[in-house]
Amino acid sequence: MPSLFEAYITNLGKYNEGRLVGETLRFPATTEEVQALLKRIGVDGVRYEEIFITDFDGDVLGLHEHLGEYESIDELNHLAHLLSDLDNADLEKFEAVIDSGEYTGSVKDLINLTQNLDCFEFYPGISDEEELGRMYIQELDAIQVPEHLVHYIDYEAYGRDVRINDGGHFAPGGYVMNNNSRFIEHYTGREDIPPEQRVFAYPKLNIRERMAAYQEVIDRSALNEEKQRLPVGREDR
């Protein structure tokens, strides 16, 4: 399955210590890929447990603008699978809708949007009000115009009225509008993610690796306690 977007996964604990340690994870991903990446950046569930996302990139226009640094890996993976199931026409419509700002408040919104694209009409290549007016009159027969008056129509003004009445939006790929169909919330939370798409898991450590990890945690804790016991310097009197 081709990758649609990617995230730079960063070790939060090391970041707080002043070290930027991370790697790029491409979605959709597998559990094995996630575990291998976490192990390479030192997030093993013992020494370090938390991650955050430094950056997003990908082929879905505008998607990265609506994703945050503490997104769930499992939710991102579920979104990637749903986007992979869309054909090119629906993917363009998805891009247009998120460019309009609808259903972009969370990954949950984006997931539900992929399953409610029939709530929107999308006209590729329509980039301004004049083109919109011509399409409605000449192609959609919105109004009947005698042939001898066709060249006298103010298509831009008509298109402006259409856009205002539709509440439509000119996206980079075309014109999109909400057709006021019922938007169904199919996804309510992580429990709705298919088990095979839940991929976040800490690396599997062998006994030697686990003992070394616990020892490092103990040593680090002892070092911190020692620092706290050091006498505080004071000015000579």
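Helices (H or I, at least four residues) and strands (E, at least two) are DSSP runs, numbered from the N terminus.

The model is predicted, so local features need pLDDT of at least 70 and side-chain atom pairs count only at pLDDT 80 or more, while totals for chains, interfaces and linings use all residues. Residues are numbered from 1 along each chain as its sequence is written, and side-chain values use heavy atoms, with hydrogens and water left out.

View 1. H78 belongs to helix α3 (residues 73-84). Is H78 buried or exposed? H78 counts as buried, because its relative accessibility is 7% and buried means under 20% relative accessible area, exposed over 50% and partly exposed in between (1.4 Å probe, protein chains only). Apart from neighbours within four places in sequence, H78 is in contact (heavy atoms within 4.5 Å) with I111, Y187, I193, P194 and Q197.

View 2. A pair of aromatic rings is described by the distance of the centres and the angle of the planes. Rings of Phe, Tyr and Trp (its six-membered ring) pair if their centres lie within 6.5 Å; planes under 30 degrees apart count as stacked, over 60 as edge-to-face and the rest as tilted. By this rule there are 9 aromatic pairs. In one of them, Y103 and F120 are edge-to-face, at 6.3 Å centre to centre and with 85 degrees between the planes. This pair links distant parts of the chain: Y103 sits in the loop between α4 (88-100) and α5 (107-114), F120 sits in strand β4 (residues 120-124), and the two are 17 residues apart. Y103 is partly exposed at a relative accessible area of 27%, whereas F120 is buried at 1%.

**View 3. The aromatic pair of F200 and Y202.** F200 and Y202 also form an edge-to-face pair, with 5.5 Å centre to centre and 75 degrees between the planes. F200 is partly exposed, with 30% relative accessibility. Y202 is partly exposed too, with 32%.

**View 4. A cluster of rings.** Which residues do ring pairs link into a cluster? The cluster consists of Y123, Y136, F170 and Y175.

**View 5. The chain around these sites.** The protein chain has 8 helices and 6 strands, in the order β-α-β-α-β-α-α-α-β-α-α-β-β-α along the sequence. Of its 237 residues, 38% are buried. Among contacts between residues at least 6 apart in sequence, 69% join residues at least 24 apart.
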